[in-house]
Every structure is written in structure tokens, then in C-alpha cells.
Amino acid sequence: MQDETMIVLAEYNTITEAEIAKSMLDSAGIWATIRNEYMSAIYPIGTMPAQVVVREEDYEKARAMLHHR
């Protein structure tokens, strides 16, 4: 996993929104993780958004999936 390039797919103001997006990606077999998961809960909305990140090779498929939700 260290050699793979990760790309920010989306940013959300709440962890709940990020978890929903991650769950959708997981159910489609696309590996994703959330950056700033805990920091976004501590700081005011918009200060440190939760970022859903995916592998570079999964980016287009993941973007299309979230766009059509």
C-alpha cells in the first residue's frame, strides 16, 4: 500500500457524509479511507474537512460512482 499513490476524491464537512461515501465505495469493491476523520469532528465545520481518498487507479470509477449517487 505504501507504493500506491492516493488521491483525494472528495471533502466533506461532517464525518457522517464521509462515512456514507466510503461505505458506497467499499460496497463497490473500491478501497477508500478517510483522512482527518477525528480532526474534522473537533474543529468547526469547514476548518478541517474529512477527505475520502482512493488509489490513483480507482479514482475515475470512484468519482463516477459518487457523482451518480
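Colleague: How many bridges join β1 to β3, and which way do the strands run?
Modeller: β1 and β3 run antiparallel, joined by 6 bridges. Strands pair if DSSP finds at least two bridges between them. One example is isoleucine 7, whose bridge partner in β3 is valine 54. This is a predicted model, where local features need pLDDT of at least 70 and side-chain atom pairs count only at pLDDT 80 or more, while totals for chains, interfaces and linings use all residues. Residues are numbered from 1 along each chain as its sequence is written, and side-chain values use heavy atoms, with hydrogens and water left out.

Colleague: And how do β2 and β3 pair?
Modeller: In the antiparallel sense, over 4 bridges. Arginine 35 has glutamine 51 as its bridge partner in β3. Strands here are DSSP runs (E, at least two residues), helices are runs of H or I of at least four, and both are numbered from the N terminus.

Colleague: How many residues of β3 are buried?
Modeller: 6 of the 6, so β3 is largely enclosed by the rest of the structure. Buried means under 20% relative accessible area, exposed over 50%, and partly exposed in between (1.4 Å probe, protein chains only).

Colleague: What is valine 52 in contact with?
Modeller: Leaving aside neighbours within four places in sequence, its contacts include Leu9, Tyr12, Ala18, Leu25 and Ile34. Contact means heavy atoms within 4.5 Å.

Colleague: Switching to methionine 6. Where is it?
Modeller: Methionine 6 sits in strand β1.

Colleague: Now charges. How many salt bridges in the whole structure?
Modeller: A search finds 3. A salt bridge is a side-chain nitrogen of Lys or Arg within 4 Å of a carboxyl oxygen of Asp or Glu. Lysine 22 forms one with aspartate 26, with the closest N and O atoms 2.8 Å apart. The two residues are 4 apart in helix α1, so about one helical turn separates them.

Colleague: Which one involves arginine 55?
Modeller: Arginine 55 meets aspartate 58, at 3.6 Å from N to O. Arginine 55 counts as buried at 19% relative accessibility, and so does aspartate 58 at 16%.

Colleague: What does arginine 63 pair with?
Modeller: Glutamate 60, with the closest N and O atoms 3.0 Å apart. Both lie in helix α3, 3 residues apart, about one turn. Arginine 63 is partly exposed, at 42%.

Colleague: Last one. Where is confidence lowest?
Modeller: In helix α2 (residues 39-42), at a mean pLDDT of 67. Confidence is highest in β3, at 95. The chain averages 87, and 84% of the residues score at least 70. pLDDT is the predictor's confidence in each residue, from 0 to 100. Where pLDDT is low, the predicted coordinates should not be read in detail.
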